[in-house]
Amino acid sequence: MLGFLLKNWKPLLILSAIAFFAVSWRQDRAAQYRRGYGAAVLEVSERLKAAALEHAEHARKSSAAYQAQKAAREEKERVRYVQTLKIIENPVYRNVCLDADGVRELNAAIDDD
C-alpha cells in the first residue's frame, strides 16, 4: 500500500486538492443559502407584521365609524320615541289615528331607513 502511495502521490495530491475545493465550494454555497434564507424569513415576517398592523388600524377605524353611525341611529330613535310620546298625548278629536305631526314623524322615520 505504501508503494502505491509513493508511486501515485501526484495524482492523489491533485485528487485530494479537487476534493478539498469541491467540499469548500459546497460549504460556501450552503452558508450563502442559509444567509439568504434568513434574510427572506426576516423580510416576510416584517411584511406580515406590517400587514397585521395595517389590518388592526383598519379594523379600529371601521369600528369607530360603526360606533358613530350606531350612536347617530340611536339618537334619532330616542328623538322619534320622545316625539311619538308627545304625539300620543295630543288629543285626537276625529276618527283618525295620526294627526299631521304623527304623519310627519312617520314619514321621517321611513325616509331615514
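**Ground rules**

I am working from a predicted model, where local features need pLDDT of at least 70 and side-chain atom pairs count only at pLDDT 80 or more, while totals for chains, interfaces and linings use all residues. Residues are numbered from 1 along each chain as its sequence is written, and side-chain values use heavy atoms, with hydrogens and water left out.

**Entry 1: the fold**

I began with the secondary structure and found three helices and zero strands. Helices here are DSSP runs of H or I with at least four residues, strands are runs of E with at least two, and both are numbered from the N terminus. Read from the N terminus on, the order is α-α-α. Helix 1 covers 2-7, and helix 2 takes in residues 9-89.

**Entry 2: the surface**

How much of the protein counts as buried? I noted 5% of the 113 residues. I call a residue buried under 20% relative accessible area, exposed over 50% and partly exposed in between (1.4 Å probe, protein chains only).

Next I looked up the accessible surface, which comes to about 10,300 Å². Carbon and sulfur atoms hold 64% of that surface. The areas come from the Shrake-Rupley method with a 1.4 Å probe, and for residues only the protein chains shown count as cover.

**Entry 3: a nonpolar patch**

Which residues form the nonpolar patch on the surface? I listed Met1, Leu2, Phe4, Leu5, Leu6, Leu12 and Leu15, which together have about 770 Å² of accessible area. Helix 1 and helix 2 are the elements that give two or more residues to this patch. Helix 1 gives the most, with four residues.

For the patch rule, I took residues with over 30% relative accessible area and no salt bridge; nonpolar side chains (Val, Leu, Ile, Met, Phe, Trp, Tyr) are joined within 5 Å, and like charges within 9 Å. I picked out Leu2 as one of the members: this leucine is found in helix 1 and counts as exposed at 59% relative accessibility.

**Entry 4: aromatic pairs**

I then turned to the rings. Rings of Phe, Tyr and Trp (its six-membered ring) pair if their centres lie within 6.5 Å; planes under 30 degrees apart count as stacked, over 60 as edge-to-face and the rest as tilted. By this rule I have two aromatic pairs.

Phe20 and Phe21 make an edge-to-face pair, at 5.6 Å centre to centre with 65 degrees between the planes. Phe20 is exposed at 54%, and Phe21 is exposed at 57%.

Why is the pair of Tyr33 and Tyr37 stacked? Their planes stand at 25 degrees and their ring centres are 6.1 Å apart, so the pair gets that label. Both tyrosines lie in helix 2, four residues apart, which is about one turn of the helix. Tyr33 is exposed at 57% relative accessibility, and Tyr37 is exposed at 53%.

**Entry 5: salt bridges**

Side chains of opposite charge can pair when their charged atoms come close. I counted four salt bridges in the structure, each being a side-chain nitrogen of Lys or Arg within 4 Å of a carboxyl oxygen of Asp or Glu.

Arg47 and Glu43 are one of these pairs, with 2.7 Å from N to O. Both sit in helix 2, four residues apart, or about one turn. Arg47 is exposed at 58% relative accessibility, whereas Glu43 is partly exposed at 39%.

Arg78 bridges to Glu75, with the closest N and O atoms 3.1 Å apart. Because they are three residues apart in helix 2, about one helical turn separates Arg78 and Glu75. Arg78 is partly exposed at 47%, and Glu75 is partly exposed at 41%.

I also noted a salt bridge between Glu77 and Arg80, at 3.2 Å from N to O. Glu77 and Arg80 are three residues apart in helix 2, so about one helical turn lies between them. Glu77 is partly exposed, with 47% relative accessible area.

**Entry 6: a closer look at Arg80**

Is Arg80 buried or exposed? Arg80 is buried, with a relative accessible area of 16%. This arginine lies in helix 2. Leaving aside neighbours within four places in sequence, I found Arg80 in contact (heavy atoms within 4.5 Å) with Glu105, Ala108, Ala109 and Asp112.
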